[in-house]
Amino acid sequence: MRDDGMLPVGGEVLVGLVKGERTKVRYPAAVLSDDGTHVVVRAPWAGDGVRDFGFVRFEPGDVFTEHYWRDRWYAVKEVRSADGTVKGWYCDVTRPAAVGPDGIVVEDLDLDLWLSADGTTVLRLDEDEFAASGIERRDPDAAAEARRSLDQLEALARAGHFRTLDGDLPR
């Protein structure tokens with residue numbers, strides 16, 4: 001980490017996804033950019049084997065270009081197959097990214113969104129898990145922000161903003 005709190009471009013960082021009190025996954029990624037608010041990293045698929053969601057398969061060889069914000073309640077991940085073909089964009093609703101000496105850590109709030117590569121399929125995911133998590137009772141402000149963020153992600157996806165995501169997204 002640099003003195004200004006930003007990650008050095010070209011360096012490696014550990015990315016951690018936390019759910020509740022436990023780390024769901026932690027993996028190394030290459031830092032592509034960090035402007036102090038928006039961090040972009042690239043990493044190979046960190047899962048074991050193939051994960052078939054029905055609408056997309058994540059598999060060894062896939063490459064994720066991941067966008068994290070220190071001030072937004074989501075992360076956007078462009079997914080490409082090993083041959084470079086875009087599969088689509090997987091978005092996690094999370095608390096804003098914590099970026100520090102231990103890497104990038106985001107808390108998963110259960111809500112997700114998928115946008116297919118051709119832009120025709122936008123799926124809101126895991127709303128049942130979100131409802132069952134109890135967050136609306138435990139932390140109603142965070143729950144409201146999570147729902148707003150999912151709505152915002154859907155609007156951005158439908159407007160085609162993910163297709164050209166090489167910089168920042170509009171608010």
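The structure is a predicted model in which local features need pLDDT of at least 70 and side-chain atom pairs count only at pLDDT 80 or more, whereas totals for chains, interfaces and linings use all residues. Residues are numbered from 1 along each chain as its sequence is written, and side-chain values use heavy atoms, with hydrogens and water left out.

Strand 10 is considered first. Helices (H or I, at least four residues) and strands (E, at least two) are DSSP runs numbered from the N terminus. Strand 10 covers residues 103-116, and because 12 of its 14 residues are buried, this strand is largely enclosed by the rest of the structure. Here, buried denotes under 20% relative accessible area, exposed over 50%, and partly exposed the range in between, with a 1.4 Å probe and protein chains only.

Several strands pair with strand 10, pairing being assigned if DSSP finds at least two bridges between two strands. Strand 1 (residues 12-19) pairs with strand 10 in the parallel sense over 4 bridges, and V18 stands opposite E107 of strand 10. The pairing of strand 8 (residues 86-94) with strand 10 is antiparallel and extends over 6 bridges; within strand 10, L115 is the residue opposite W89. Strand 9 (residues 98-100) is likewise antiparallel to strand 10, with 3 bridges, and G100 faces G103 of strand 10 as its opposite residue. Strand 9 is joined to strand 10 by a hairpin through 2 residues.

On pairing with strand 11 (residues 122-125), strand 10 again runs in the antiparallel sense, over 4 bridges. In this pairing W114 stands opposite L123, and D112 has L125 as its bridge partner. The hairpin formed by strand 10 and strand 11 has 5 residues between the two strands, and G119 in its turn has a positive phi of about 80°.

Positive phi values also occur at two aspartates. D110 is located in strand 10, and its phi is near 80°, a positive value in a residue other than glycine. With 9% relative accessibility, D110 counts as buried. D126 lies in the loop between strand 11 and helix 1 (127-133). The phi of D126 is positive, at about 65°, although D126 is not a glycine. D126 is partly exposed, its relative accessible area being 25%.

K77 lies in strand 7 and is buried at 8% relative accessibility. The side chain of K77 is joined to that of D92 by a polar contact of 2.7 Å. When residues up to four places away in sequence are not counted, K77 touches Y27, F64, T65, E66, Y68, G88, W89, Y90 and D92, a contact being heavy atoms within 4.5 Å. The C-alpha atoms of K77 and F58 are separated by 12 Å, the two residues being 19 residues apart along the chain. R72 is placed in the loop between strand 6 (63-69) and strand 7 (74-80). R72 is buried, with a relative accessible area of 5%, and its side chain makes a polar contact of 2.9 Å with the side chain of Y74.

The largest pocket has a volume of about 620 Å³. On a 1 Å grid over the protein atoms alone, a pocket is an open set of points where a 1.4 Å probe fits, with protein on both sides within 12 Å along at least five of seven lines, and lining residues have an atom within 4 Å of a point. Grid points are joined across faces, edges and corners, and the volume is the space filled by probe spheres set on the points. The lining of the largest pocket comprises 30 residues, of which L17, K24, V25, W45 and R51 lie nearest its centre. At least two lining residues are supplied by each of strand 1, strand 2 (22-34), strand 3 (38-44), strand 6, strand 8 and strand 10. The lining divides into 16 nonpolar, 2 polar and 12 charged residues, where Ala, Val, Leu, Ile, Met, Phe, Trp, Tyr, Cys and Pro count as nonpolar, Asp, Glu, Lys and Arg as charged, and the others, Gly among them, as polar.

Technical notes. Polar contact = N/O pair within 3.5 Å; in protein donor to acceptor, adjacent residues only side chain to side chain.
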